[in-house]
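The report below goes through pockets, helix packing, nonpolar cores and individual loop residues. Please keep the sequence and the model at hand while reading.

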Amino acid sequence: MIRSWLYVPGDRPDRITKALAGPADAVIIDIEDAVAAAAKDGARRNALAALGDGATAFVRINAPGTDAGEADIAALAPLAPAGVRVPKCEDPGELRRVADALGVPVYPVLESALGVENALVIATAHPLVAGISLGEADLAADLRVAGGDALTWPRSRVVVAARAAGLPSPVQSVWTAVRDLDGLRASTEAGRRAGFFGRSVIHPTQIPVVHQAFAPDPAETAWARELLSSAGSAAWIDHNGQFVDAAIVARARWVLALAEAEEKEGQHS
C-alpha cells in the first residue's frame, strides 16, 4: 500500500538521511537521472553506505548495458535493497539478467515507445518483477508529444499490463512542477481514477498531497464494510437495489484494505 515514492539524489548524503527519516512511504536513492555523470561513482558509494547502515530503501540504477549501470548491478548484488528501479526498460531478456544478478524485487520503468509496446512481456519477464511504471518525461520525448492527454493511451496500456500480469496497480510518474500543489492534487486524483496507485515524488512538500489523494473515501469505506458484512451468494441485489457480484465484492475488499492500512498508519504515527 505504498502511496509515496520519494526520489532523493544519491550524490546528496544529507538528503538521503533526511528522506529516510521523513514521511515518505518509500525512499528511492537515485543514482541515475538525478546525478551528473561525474558524480555517479560517489552517488553509488553513498547508496551502498546507506544500505550498509541498515536503511530500508530502493535504488534507481543506471540503465543496464551502460558502464554506470553495470557498475551499479555489480555493487548492489551483495547487498539487499528493498528493490531496484530499472530505467529505460525495453528488453525482457535484459531485465531477467538484472533480476537474476540482484535477487531482489525489480521495478522496470518504461520510457520509450518500445518499452510501452513490450509492457506485458516485461511485466511477466521474471518472478521478481514487483511492479511496472512509466517514465513520462523520457516517453514524451521519444514519442515527440507534449505530454498531458497525449500520454493517455500509454498510461492505460501500463495499467492493463500490470493487472494482467497480476502486479499491483502501477505507480504514477512524477509531477515536475514542484510548487504547483493544486496541479499535483488534480493530476493524482485523475491518476487514481485511471487505475494508478501511489506516485513518485521529487520533493517532500508533495508527499502530503499524494497521501491525501490516495486516502480512502469515508463514504466508499462505509459502503465496502456494509457490503462485505452482508455478502451472501455469488450474486445478489443489495438493499439499495444494486446488483452485486464477485467483481463488486473484490472492489469492496480492496477499498477496505486501503482503509485498514490507513487506520494502522494512524495508530503508529
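## Pockets

Sorted by class, the residues lining the second largest pocket comprise 9 nonpolar, 9 polar and 4 charged ones, where Ala, Val, Leu, Ile, Met, Phe, Trp, Tyr, Cys and Pro count as nonpolar, Asp, Glu, Lys and Arg as charged, and the others, Gly among them, as polar. The second largest pocket holds about 430 Å³ of space, and of its 22 lining residues Glu136, Gly148, Leu151, Arg155 and Ser187 are the closest to its centre. Two or more lining residues of the second largest pocket come from each of α7 (136–143), α8 (152–164) and α9; helices (H or I, at least four residues) and strands (E, at least two) are DSSP runs, numbered from the N terminus. This is a predicted model, in which local features need pLDDT of at least 70 and side-chain atom pairs count only at pLDDT 80 or more, whereas totals for chains, interfaces and linings use all residues. Residues are numbered from 1 along each chain as its sequence is written, and side-chain values use heavy atoms, with hydrogens and water left out.

The largest pocket contains about 740 Å³ of space and has a lining of 31 residues, with Ser169, Gly195, Phe196, Phe197 and Trp254 nearest its centre. By class, 19 of the lining residues of the largest pocket are nonpolar, 4 polar and 8 charged. At least two of the lining residues come from each of α9 (181–193), α11 (218–229) and α12 (246–268), and α12 gives the largest share, 4 residues. A pocket here is an open set of points on a 1 Å grid over the protein atoms alone, where a 1.4 Å probe fits and protein lies on both sides within 12 Å along at least five of seven lines, and lining residues have an atom within 4 Å of a point. Grid points are joined across faces, edges and corners, and a volume is the space filled by probe spheres set on the points.

Thr188 belongs to helix α9 and is buried, with a relative accessible area of 0%; buried means under 20% relative accessible area, exposed over 50%, and partly exposed in between, for a 1.4 Å probe and protein chains only. Beyond its neighbours within four places in sequence, Thr188 is in contact (heavy atoms within 4.5 Å) with Gln172, Arg199, Val210, Ala213 and Phe214.

In α3 (residues 67–76) the buried residues include Gly69, Asp72, Ile73 and Leu76. These residues lie on the same side of α3 because they cover an arc of only 95 degrees around the axis, the arc being that of the directions from the helix axis to the C-beta atoms. Asp67 and Ala74 are exposed on the face of α3 turned away from its buried side, while the cover over the buried residues includes α2 (40–52), β3 (58–60), β4 (83–86) and α4 (92–102).

In α4, the buried residues are Pro92, Leu95, Val98, Ala99 and Leu102. Their arc around the axis is only 115 degrees, which puts them on the same side of α4. The buried residues of α4 pack against α3, β4, β5 (106–110) and α6 (119–123). An α-helix has 3.6 residues a turn, so residues three or four places apart point the same way.

## Nonpolar cores

A nonpolar core is a set of buried Ala, Val, Leu, Ile, Met, Phe, Trp, Tyr and Cys residues joined through side-chain atoms within 4.5 Å. The largest has 53 residues, and Ile29, Leu95 and Ile132 have the most contacts inside it. Apart from this core lies another, of 7 residues, including Tyr7, Ala26, Phe58 and Tyr107. Not counting residues up to four places away in sequence, Ile29 touches Val8, Gly10, Ile16, Ala47, Ala50, Ala57, Phe58, Val59 and Arg60.

## Loop residues

Asp33, in the loop between β2 (26–30) and α2, is partly exposed at 47% relative accessibility. Leaving aside neighbours within four places in sequence, Asp33 is in contact with Arg60, Lys88 and Asp138. The C-alpha atoms of Asp33 and Asn62 are separated by 7.9 Å, although the two residues are 29 residues apart along the chain.

Most residues other than glycine have a negative phi. Lys88, which is not a glycine, has a positive phi of about 50 degrees; Lys88 is located in the loop between β4 and α4 and is partly exposed, with a relative accessible area of 36%. Arg144 also has a positive phi, near 60 degrees, and is placed in the loop between α7 and α8, where it counts as exposed at 80% relative accessibility.
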